[in-house]
Amino acid sequence: MNEPVVSAAATFGQLVAILVAVLTSAALLTWAERRLLGLWQDRYGPNRVGPFGLLQPVADVIKLMMKEDFIPPAADKPVYLMAPIVVMSTGLIAFAVIPFAPGIGVADMSIGLLFFLAITGLTVYGIVLGGWASNSKYSLLGGLRGAAQMISYEVFLGLALMGVVLQAGSFDLRTIVEAQAGLWFVVPQILGFVLFLIAGVAELHRLPFDLPEAENELVAGFHTEYSSMKFGMFFVGEYVGMILTGAMATTLFLGGWLGPVLPPIVWFLLKTAVLVVFFVLLRAALPRPRYDQLMALGWKVLLPLALLNLVVTGGFVVAGAGGTA
Amino acid sequence: MTGMLKTGLLKTLGLVLLHSGHRRETVQYPEEKPYLPPRWRGRIVLSRDPDGEERCVACYLCAAACPVDCIALQKTEDETGRWYPEFFRINFSRCIFCGMCEEACPTYAIQLTPDFEMGEYDRRDLVYEKEDLLISGPGKYHDYSFWRVAGKAIGGKDKGEAVDEEPPVDTRRLMP
């Protein structure tokens, strides 16, 4: 048997397996989030469908499928249809570069981190176009807020990661993970880690930064006019994004698959799960800031901090390189 | 300011996380029944006096008091002169469980009970007739019997024979 065909088949198999695993975890995450919110609000959450309510996502999907697939008459139809596809697919494509464990992962790129930033940067199109094409005032306001918020926070999302790149000396995610064998980057790059988490939550437009959706002001923001599975795709995109941000933070700051005793993949999933639970905790605990506060925080506090972090890290790296040379 | 903001954030996160160990307030209803106090205003019943006879004397006060007109009845009399309802009908699809009928009732016949599980698939099944409403006991008032204290003569009890009742005065005599 010839080599390329076998390796292509193996890659394809992994691709399908990862896709299925990600979508299943995103579905389960909708259940887990509601149970966790219930726990922290002294109630149960969905516990009726199946054992512990585990089949709740199945019931939700059936319900969404049965719903009327409504397209507003005034909507810009092709763009309206495209928006949820963009949101969901960008989230899934970005998973291609995540190094789950040695030998597990779809694509190993020398510029994996740049690919991640580029693809997640496209998510904003789904939100802006969805908000614009719906031809509704709430959608438009949500879309505008989404555009401003995501572009503002993307600036220092990238900058916060550059400290890691400087320390590891590579954009390759596997090299970055292996560079953390001695010490996880969360220790020297604690500022970068915190900034990345804040920017990640803002990019996901999840609470407390869910201003593009802001139920009590904008009905449902950019996806007000969406129903049925088109709404479902926005929803899946959000939860896939949560897992993606958790996985990326694990890769860049928490040493990826590195860890004693347990197999590498278990360590990776464990660390990602902890971060995802933390995102849910943020939702349970924190109120939504006002829009101008969000913008002021992003541009006046977090961006200078990210730049400072980059300069200091750069200084240390240069000093270290000068010392060894 | 930023420092205060940060400590406030960490504090609220910690406090919410502490709720993981709290008892859940939810009552898991079909398996676990909630406690209903005895004066809960639920399903309406017609009670009987300690002798096991119907308490209702068909005075129509409950029907008059009902703000949604869900009570219908017809008065009739037995051979001893005792009043009772020929039919007594409550339409529970209209009833708002306000308890006005219970307050209006002069004989403690109509009472509201701690029971709300009366869902039906057919709206017509929510119309309760007298045999659906009558219970076998005296409900919340164990010893009260209207006919024992009422001044009206019925079979087996003449004027002046009720509890605490003076003998009737002959109005044609002028002597005190």
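**Exercise 1. Find the handedness with which helix H3(A) passes helix H4(A), and then describe how the two helices pack.**

Solution. H3(A) passes H4(A) in a left-handed crossing, where left-handed says that the near helix is turned anticlockwise from the far one by less than a right angle, and right-handed that it is turned clockwise. The model is a predicted one, in which local features need pLDDT of at least 70 and side-chain atom pairs count only at pLDDT 80 or more, while totals for chains, interfaces and linings use all residues. Residues are numbered from 1 along each chain as its sequence is written, and chains are lettered from A and ligands numbered from 1 in the order in which they are written.

Next come the angle and the distance. Helix H3 (residues 77-94) and helix H4 (residues 112-133) of chain A pack at an angle of about 160°, and their axes are 8 Å apart; the axes are lines fitted to C-alpha atoms, for helices over the stretch in contact, and angles run from 0 to 180 degrees between N-to-C directions. H3(A) is therefore roughly antiparallel to H4(A), given that angles over 145 degrees count as roughly antiparallel, under 35 as roughly parallel, 65 to 115 as roughly perpendicular and the rest as oblique. Helices here are DSSP runs (H or I, at least four residues), as strands are (E, at least two), and both are numbered from the N terminus.

The last step is the contact, in which two residues take part if their C-beta atoms, placed from the backbone, lie within 7 Å. Among the residues that make it are A:Val79, A:Tyr80 and A:Met82 of H3(A) and A:Phe116, A:Ile119 and A:Thr120 of H4(A). By class, this contact of H3(A) with H4(A) has 16 nonpolar, 6 polar and no charged residues; Ala, Val, Leu, Ile, Met, Phe, Trp, Tyr, Cys and Pro count as nonpolar, Asp, Glu, Lys and Arg as charged, and the others, Gly among them, as polar.

**Exercise 2. State the order of the strands in the open sheet of chain B, and name its edge strands.**

Solution. The sheet has 3 strands in the order S2-S3-S5, with antiparallel pairing; two strands pair if DSSP finds at least two bridges between them. Strand S2 (71-77) and strand S5 (127-128) of chain B are the edge strands, since each pairs on one side only. Strand S3 (residues 83-91) of chain B and S5(B) pair over 2 bridges, and the bridge partner of B:Ile90 is B:Tyr128 in S5(B).
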